[in-house]
Amino acid sequence: MAIEEQWMALWTHSHCEQLVHDQLIAKGFNAFLPLMPVWSRRAGARRLIQKPMFPGYLFLRHAIDKHSSIEITKTDGVVRVLGERWDRPAIVADAEIDAIRQVLDTGLPVLPHSYLSEGHRVRITRGPLAGVEGLLIRNDLRKGLLVVSVELLQRSVAVEVDCTLVDPVGESVATPAVSPAQVTFAALP
């Protein structure tokens, strides 16, 4: 029996994210590999290259059944779908994927950031990031970093925002620190 179409995370072999993404797209799956520009120096020249935002992971939106589970796991470079077993994948919230897409669509510089489980939860009210929620780290009175996280992976990225464009969402949050091993399985890298 298939479940409804939802986002899930795939764990890939090191540096195989693009390979897995391309194969899944060719098989007709809705895969999402968030990439961010990073400066690289090769042969003495600096150039801007695209690197995975969350190394070792990509996202897939699909209603999983036995056949599709087999097709996904036979894809070269896939280690496994995160979750308890093939018919119970760990779900990534639509809001988290939407926030990542919106951050990428703005073209603003995105920085890797350590995962935060506590802080002041805010929502951007105006501008290209309007509606995005995350945790705010203030640099000064006008500028701060909006930290957007994927809770399942316990990974985050940050983008600089104007602090006058944010509204608090409730009180400060203290999310219980749950390791990916507790949420998914025992052997996460």
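A search of the whole structure, a predicted model, finds three aromatic pairs. Rings of Phe, Tyr and Trp (its six-membered ring) pair if their centres lie within 6.5 Å; planes under 30 degrees apart count as stacked, over 60 as edge-to-face and the rest as tilted. The ring centres of tryptophan 7 and phenylalanine 32 lie 6.2 Å apart and their planes stand at 65°, so this pair is edge-to-face. It links distant parts of the chain. Tryptophan 7 belongs to strand 1 (residues 6-12) and phenylalanine 32 to strand 2 (residues 30-32), 25 residues apart. Both residues are buried (under 20% relative accessible area, with a 1.4 Å probe and protein chains only).

Two arginines sit over rings. A charge counts as over a ring if NZ of Lys or CZ of Arg is within 6 Å of the ring centre and within 35 degrees of the ring normal. The charged end of arginine 101 sits over phenylalanine 32, 4.1 Å from the ring centre. Arginine 46 does likewise over tryptophan 39, at 4.4 Å.

Residues are numbered from 1 along each chain as its sequence is written. Local features need pLDDT of at least 70, side-chain atom pairs count only at pLDDT 80 or more, totals for chains, interfaces and linings use all residues, and side-chain values use heavy atoms, without hydrogens and water.

The chain has four helices and 15 strands. These are DSSP runs, numbered from the N terminus (helices: H or I, at least four residues; strands: E, at least two). Buried residues make up 41% of the 189 residues. Contact means heavy atoms within 4.5 Å. Among contacts between residues at least 6 apart in sequence, 66% join residues at least 24 apart.

Helix 1 (residues 17-26) buries Glu17, Val20, His21, Gln23 and Leu24. An α-helix has 3.6 residues a turn, so residues three or four places apart point the same way. The buried residues of helix 1 pack against several elements, including strand 1, strand 2 and helix 2 (66-73). Glycine 28 follows helix 1, and its phi is positive, near 95°.

The lining of the largest pocket counts 20 residues. A pocket is an open set of points on a 1 Å grid over the protein atoms alone, where a 1.4 Å probe fits, with protein on both sides within 12 Å along at least five of seven lines; lining residues have an atom within 4 Å of a point. Glu96, Arg121, Glu133, Gly134 and Ser149 lie nearest the pocket's centre. Helix 3 gives the largest share of the lining, five residues.

How values were computed
Buried < 20%, exposed > 50% of the residue type's maximum accessible area, 1.4 Å probe, protein only.
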